[in-house]
Amino acid sequence: MTANKPGTAHGDIFVAPFSADQMVGQTGALVNDNSGDPVWFRPLPSTNLQNADFKVQTYYDGHGGRGQPVLTWWQGTLALPPAYTNLPAGAPEPGGCYYIYDSHYRLLKTVFAHHGYYPDEHEFTLTRRGTALFIASRPVPMDLTPYGGPKNGAIENSEIQEVDLATGRLLYSWNALDHIDPADSEEAPPARRRPAECGTPFTSTPSTRALTAGC
């Protein structure tokens, strides 16, 4: 941040730097004011451990109350192929979770994915029903020769999950492999690296991604 120009909207700026390549600097969840001064910072002990999707949401207890403002974010590690994994670069790894902090910066809830899936860093949404909606993923071993891949390959399968915040119970799931034929997917062209534009909206949808086995 280099300028605070007239007409800038009021409000704080939320930053949670992470990288699917090599992280440089301090990871963690940071709130800045419009002058760039820190309001609150929660540093992490290692650049391998990262935060993402850091934002303000409203937490409802599911009993029809008004709700309270909270901070939410993802925390975990991201795959760095080919050093030790054949997961796609940036794919979430085991051990991740979502945090919900109250307005006094105290931990309110920790939310985990269910039945072997890993919480995804892209989206975590609280609902008025007192639940959380998010995307989770995991590699599923599969013969990919019908799709032009290796016999001992795998699919990076994604799933939508809804979890009850009071009990942690899984209420709903939608599994991509149960609804999408891998033959209907296409290999994405190599991404062109360019600086990200500030304010560019990001959307994420469940998908299946082929992995290369044997790395």
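From the N terminus onward, the elements of the protein chain run β-β-β-β-β-β-β-β-β-β-β-β. That amounts to zero helices and 12 strands, where helices (H or I, at least four residues) and strands (E, at least two) are DSSP runs numbered from the N terminus.

A word on conventions. This is a predicted model, in which local features need pLDDT of at least 70 and side-chain atom pairs count only at pLDDT 80 or more, while totals for chains, interfaces and linings use all residues. Residues are numbered from 1 along each chain as its sequence is written, and side-chain values use heavy atoms, with hydrogens and water left out.

Of the 215 residues in the protein chain, 38% count as buried; buried means under 20% relative accessible area, exposed over 50%, and partly exposed in between, with a 1.4 Å probe and protein chains only.

Let me turn to Trp-73, which lies in strand 5, residues 68-76. Is Trp-73 buried or exposed? Its relative accessible area is 0%, so Trp-73 is buried. Between Trp-73 and Ala-52, 21 residues apart along the chain, the C-alpha separation is 5.9 Å.

The phi of Asp-53 is near 55°, a positive value in a residue other than glycine.

Finally, Tyr-105 also has a positive phi, near 60°. Tyr-105 belongs to the loop between strand 6 (97-101) and strand 7 (107-111), and is partly exposed, with a relative accessible area of 35%.
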